[in-house]
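Let's take a walk through this one from the inside out. Have the model open and follow along.

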Amino acid sequence: MSARSARADLAPHRSSRRRSRTLATGAAGAAVAALLLSACGSGSSGGSGGTGFVAGKGGIATVKPADRKDAPALTGKSLEGEALDLAAYKGKVVVVNVWGSWCAPCREEAPYLAKVAKEEKAKGVEFVGINTRDPDRSPAKAFEKRFGVEYPSFYDPSGKLMLRFPKGSLNPQAIPSTLVIDREGRIAARALTPLNYTKMRKMIDPLLAEK
């Protein structure tokens, strides 16, 4: 076989691989876009079938221990550029808040989250943020300083970390979203609306009481 013939035979395969990569990239981008379209909405406690959740008042949904799904592995860099790994908090109640500095409801709830995070840290409660759609870290850092947010946040400008939450679980579907993970590393509660102090306590206190 001549070199020209070999190249001709390989060309369709290379083209097919390029199309596959393009389709995969496009699908991931479309999924991120769909999530971010719900940014800064009022949210709801709805979810897909099979989640096993109970929708309560105030837009908070909860799941019984037997029906909870494991939280995904979340790793990356913080806003300060330091390594951050959700698995480091295993054995503690963890609050995961998805936010952006550009989001008005995020600014509304931030002081309450910061207050509860400080109050409950001694009881084994950890807060971790997922900062999204901020193309630069500076506005997000200014947000944290303004509202006294001392806990770390993943820097996730494209929203890819949100896609790691399993389907059929209480996954984040809006900005802001707040999830509470139990001591076993399972997703136990979710809010798709901005939280105040009372609502935040309603999500955490039942998990602290679990043995």
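Start with the largest nonpolar core, which has 51 residues. Leu 86, Phe 127, Ile 130, Val 180, Met 200, Met 203 and Ile 204 are the members that touch the most other members. Keep in mind that this is a predicted model. As for the background, nonpolar side chains tend to be buried together in soluble globular proteins.

Now zoom in on one of those residues, Phe 127. Leaving aside residues up to four places away in sequence, what does Phe 127 touch? Its partners are Val 95, Leu 113, Val 116, Ala 117, Tyr 151, Pro 152, Met 200 and Ile 204. Two of these names, Met 200 and Ile 204, also turn up among the core members that touch the most others.

Leu 86 leads on to another feature. The largest pocket holds about 200 Å³ of space, and of the 17 residues lining that pocket, Leu 86 is among the closest to its centre, along with Ala 71, Ala 87, Lys 90 and Gly 185. By class, the lining is made up of nine nonpolar, six charged and two polar residues.

Step back to the whole chain, and you'll find four helices and ten strands. Reading from the N terminus, their order is α-β-β-β-β-β-β-α-β-α-β-β-β-α. Take the contacts between residues at least 6 apart in sequence: 71% of them join residues at least 24 apart. Of the chain's 211 residues, 43% are buried.

Definitions and conventions
Residues are numbered from 1 along each chain as its sequence is written. This is a predicted model: local features need pLDDT of at least 70, side-chain atom pairs count only at pLDDT 80 or more; totals for chains, interfaces and linings use all residues. Side-chain values use heavy atoms; hydrogens and water are left out. Helices (H or I, at least four residues) and strands (E, at least two) are DSSP runs, numbered from the N terminus. Buried means under 20% relative accessible area, exposed over 50%, partly exposed in between (1.4 Å probe, protein chains only). Contact means heavy atoms within 4.5 Å. On a 1 Å grid over the protein atoms alone, a cavity is a set of points where a 1.4 Å probe fits but cannot get out, and a pocket is an open set with protein on both sides within 12 Å along at least five of seven lines; lining residues have an atom within 4 Å of a point. Grid points are joined across faces, edges and corners, and a volume is the space filled by probe spheres set on the points. Ala, Val, Leu, Ile, Met, Phe, Trp, Tyr, Cys and Pro count as nonpolar, Asp, Glu, Lys and Arg as charged, and the others, Gly among them, as polar. A nonpolar core is a set of buried Ala, Val, Leu, Ile, Met, Phe, Trp, Tyr and Cys residues joined through side-chain atoms within 4.5 Å.
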